Amino acid sequence: MSKYDFKYLLQENGWLENVTIDTDDNGIIKSINQLSSNSSENIAIPGFQNAHSHAFQYVMSGLMEVHGYQSRKDDFWTWRYAMYQVALSVNPEQLESIATMLYVEMLRNGYTSVAEFHYLHHDEKGHHYTNLSELGERLISAAKKAGIRITLIPIFYQKGGFGLSAEVHQRRFLSKDVDDYFCLLEASHDSIKLYENAQMGYGIHSLRAADHVSMERIFKEGPADCPIHLHLAEQLKEVDECINFYGERPAQWLLNQNLLNERFHLIHCTHLNSQELKRIAESQAKVVLCPATEANLGDGLFQLRSFQKKGGKWSIGTDSQINLNPLEEFRILDYGQRTKTHDRAQFTSKHEVNAGKFAIDMAWHNGRIAMGEKKSNFLTVGDCFDAVIINANAPLISVSKPENILTTLVYSGQPNDLIGTLVNGQWLIKKQKHINQEEIQNSFVKSICQMKIR
């Protein structure tokens, strides 16, 4: 049993003041009691959900910003070839070290769960490992070392573009056919048994990365209870090529297959028209937005306000790992929309007008669904105690009324406002450091030096 005192605890309906939480030995909340007062200087909010991650790309963060003046266009497609070189360079031990460091940094920024969109499956020559899930298992081991919850999403990757054979640079990603991919899923299912906080999803990289017949079979025959993840309509070139190949826009084509439902999580969706937004919202599929990555790669801006008005739901992810701060993801998303619509009211609905609460609710609830979690209440009796702990004495927070704490945090919060992060009631981050920081960081530095990437 453990006991925690908080000045404020965030629940579905708002703040509880002067709270004591008792947990059992597994970190499950057994009771929440309000006191007349306590001396705590801590505020607890639910841990953030990272609904889209490519762990190996953490190695690239900050390196892709040298642009030859007027020499060539630098866009998503040129960036992609640099990413391929990183993918071809990392061995299993290095991947585990990189992912462990990444997951520690996610925890430090308040993420307690990550959905790993995993398409790095084979060795450097493109051959199967003896353990088909070798690299997925390394990611699970990394999550276990860090202590973060993980949903491993092994991804089907088959083509180099619409109707095109795969490129040699993509050889570590490829499944030769659907049966080969299903064998990978079976091996991955065995791998998640190695960590009690691991579960599975599945998916297809994108419409350009698989043929029609394979996609249909995977969506229909894949595991019945798992979330399904898919990149969709991220780039204008992708939209144009899809029209040339299928005669329809990517979202239009996918919608017309009559496959979408509440299990689908569509990543980016940068280039959707009004009708596509409406139909995706009606299908109950969710959208996963990665604002920092989408800005960094020059993807464009998702039509957030239109989607929300149609009842659409969204979560957030870190994708290429260029930014690991969920509060900054919210700001980039909101401010991008404001510059596009010339309206400041983006994070709002008829049920919630507090922008900070709206953003946290939307991203948390739909992030949980993206993880494959069935229960979707936060910080209540019976739940795992996964929380971000905020310093109630941080300057702006200390002078905020309770109704203003979340807007202050989301729009003005700084990393040092976070005291720490708990998963299953265990302090993993305290004072901006992981409980095993030195060991994990030393392993990470060794791996990066071996790779000679930076």
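Reply: Begin with what counts as a touch: two residues are in contact when they have heavy atoms within 4.5 Å of each other. Keep in mind that this is a predicted model.

Me: Which residues does I280 touch, leaving out those up to four places away in sequence?

Reply: I280 touches L232, A251, L255, L260, L266, L272, A285, V287 and F307.

Me: How should I read a nonpolar core?

Reply: In soluble globular proteins, nonpolar side chains tend to be buried together. Here the largest nonpolar core has 146 residues. I280 is among those with the most contacts inside that core, along with I45, Y103, L266, W314, F330 and F347.

Me: And how do I read a sheet?

Reply: Strands of a sheet pair through backbone hydrogen bonds, either parallel or antiparallel. In this model 8 strands form an open sheet with mixed pairing, in the order β3-β2-β1-β4-β14-β15-β16-β17. Its edge strands, β3 (29-34) and β17 (433-434), each pair on one side only.

Me: How do β4 and β14 run, and how many bridges join them?

Reply: They run antiparallel, and 5 bridges join β4 (residues 42-46) to β14 (residues 387-391). In this pair, N42 stands opposite N391 of β14. Helix α14 (residues 405-412) lies across β1, β2, β4 and β14, at about 75° to β4.

Me: How is empty space found?

Reply: Rolling a probe the size of a water molecule over the atoms shows where empty space is left. A search of the whole structure gives 8 cavities of 30 Å³ or more. The largest cavity has a volume of about 140 Å³. It is lined by 16 residues, and F76, W79, Y119, H205 and H231 are the closest to its centre. Helix α1 (residues 76-87) gives the most to this lining, with 5 residues.

Definitions and conventions. Residues are numbered from 1 along each chain as its sequence is written. This is a predicted model: local features need pLDDT of at least 70, side-chain atom pairs count only at pLDDT 80 or more; totals for chains, interfaces and linings use all residues. Side-chain values use heavy atoms; hydrogens and water are left out. Two strands pair if DSSP finds at least two bridges between them. Helices (H or I, at least four residues) and strands (E, at least two) are DSSP runs, numbered from the N terminus. Axes are lines fitted to C-alpha atoms, for helices over the stretch in contact, and angles run from 0 to 180 degrees between N-to-C directions. A nonpolar core is a set of buried Ala, Val, Leu, Ile, Met, Phe, Trp, Tyr and Cys residues joined through side-chain atoms within 4.5 Å. Buried means under 20% relative accessible area, exposed over 50%, partly exposed in between (1.4 Å probe, protein chains only). On a 1 Å grid over the protein atoms alone, a cavity is a set of points where a 1.4 Å probe fits but cannot get out, and a pocket is an open set with protein on both sides within 12 Å along at least five of seven lines; lining residues have an atom within 4 Å of a point. Grid points are joined across faces, edges and corners, and a volume is the space filled by probe spheres set on the points.
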